[in-house]
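Please keep the structure in view while reading.

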Amino acid sequence: MSRDRTGRSPRRLLSLARAAVRRPGSAGHHRLALAGAVTVLSVAASGCVVVHGEREVVPAATRGEAARALEDFTTAYNKADKANDRSLDAGRVTGALGAIDGAKLRAGRQNNPGGNPGYSPLELSDAKFAIPAKAGWPRWFVADTAANKGLAGSRWLLVFTRGTANDVWQASYLTVLAGTDVPKFQQDKDGWAQPVTADDAALAVGPGKLSQSYATYLRSGGETFAPGIHTSQWRALRGRNASRPGLARQYIDEPLTSHDYAPVGLRTADGGALVFFVTQRYEKLTAAQGTELPAQSADVKALTTGDVKQSLTLGFVSNQAALDPAKGAQDQRVTVLGRVEGLTAAKGG
């Protein structure tokens with residue numbers, strides 16, 4: 001990465017970006033329209049497990065509990081979306097989905113404090129549940145549903161998680177796939193899905209390493225990820241955007257893996273895994289002397305702090321879903337099937 005127009009090195013830029021843009025808190029999806037939110041066909045699998053004394057392998061939830069969790073999420077999500085009020089679904093979303101959702105609602109409330117003028121309720125139907133049997137906490141499961149929004153025939157995959165038996169289920173990941181792209185999961189004799197661990201040795205890349213590997217790939221390239229819209233094509237687009245007449249754009253990508261940002265995933269029938277993981281990135285736009293930065297949308301302005309003069313640093317949270325092949329498969333490259341991202345903060349300079 002070259003120095004920016006102020007002569008700062010990438011290391012210095014990273015320090016400034018971290019100081020300028022606060023890390024994401026909790027937040028959700030169809031509100032992902034904010035700041036270029038991206039949705040594409042996606043899949044996922046992994047599973048960081050923190051065992052709190054429990055040894056017995058049991059299903060993470062009953063199918064009835066999973067159905068109620070999905071219904072409770074949808075109800076809370078619609079209330080928050082209609083009112084532009086983050087407090088109305090704060091208890092039902094977390095992780096990447098929570099960070100994106102919360103930022104969109106904050107922007108929506110500032111621009112339309114009386115509520116969302118474009119509100120239409122989200123309806124999720126035809127729900128199928130992939131519930132892993134595992135020991136310890138946290139526990140989680142995947143809901144595979146149809147939705148009344150997005151492309152016809154697409155499926156919404158939501159990951160629900162909770163840290164203890166006393167917690168409510170919260171949606172932490174969302175990805176949108178074509179129905180034909182939803183993989184078949186391995187099941188035990190009772191129909192329960194099989195989770196993968198963060199350091200699973202049977203996979204080409206341990207799920208716990210995918211976030212860092214993806215951030216590294218976006219910066220430097222390599223052979224870890226298969227070509228596609230979220231890998232080679234995105235790197236090429238970023239390269240074209242890096243330097244335009246009167247405007248420089250610099251990118252910093254970082255992993256997000258702690259707590260509710262931990263990767264989770266399920267073993268697929270072919271021995272690989274569908275893994276959900278999170279990254280964050282910063283984009284610094286710097287205008288040359290005598291030129292102005294591009295106009296920003298109302299939602300971006302609502303999330304911006306400081307005076308925008310010659311530069312603007314944008315902070316994004318990005319939720320990926322990827323197929324991680326089994327070790328020994330003919331093609332060892334990870335395929336990123338989908339990405340949902342949203343702006344979470346911005347800082348002028």
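## Helices α4 and α5

Helix α4 (residues 210-220) and helix α5 (residues 232-241) pack at an angle of about 45°, with their axes 9 Å apart, where axes are lines fitted to C-alpha atoms over the stretch in contact and angles run from 0 to 180 degrees between N-to-C directions. The two helices are therefore oblique to each other, a word for angles that are not under 35 degrees (roughly parallel), over 145 (roughly antiparallel) or 65 to 115 (roughly perpendicular).

On the α4 side the contact (heavy atoms within 4.5 Å) is made by Tyr214, Tyr217, Leu218, Arg219 and Ser220, and on the α5 side by Ser232, Trp234, Arg235 and Arg238.

## Basis of the model

The model is predicted, with local features needing pLDDT of at least 70 and side-chain atom pairs counting only at pLDDT 80 or more, while totals for chains, interfaces and linings use all residues. Residues are numbered from 1 along each chain as its sequence is written, and side-chain values use heavy atoms, leaving out hydrogens and water.

## Helix α2 and its surroundings

Helix α2 (residues 63-83) has 21 residues and reaches 31 Å from its first C-alpha to its last.

Phe73, Tyr77, Ala80, Asp81 and Ala83 in α2 meet Leu97, Asp101, Leu105 and Arg109 in α3.

Technical notes:
Helix = DSSP H or I, 4+ residues; strand = E, 2+ residues; numbered from the N terminus. Expected span 1.5 Å × (residues − 1).
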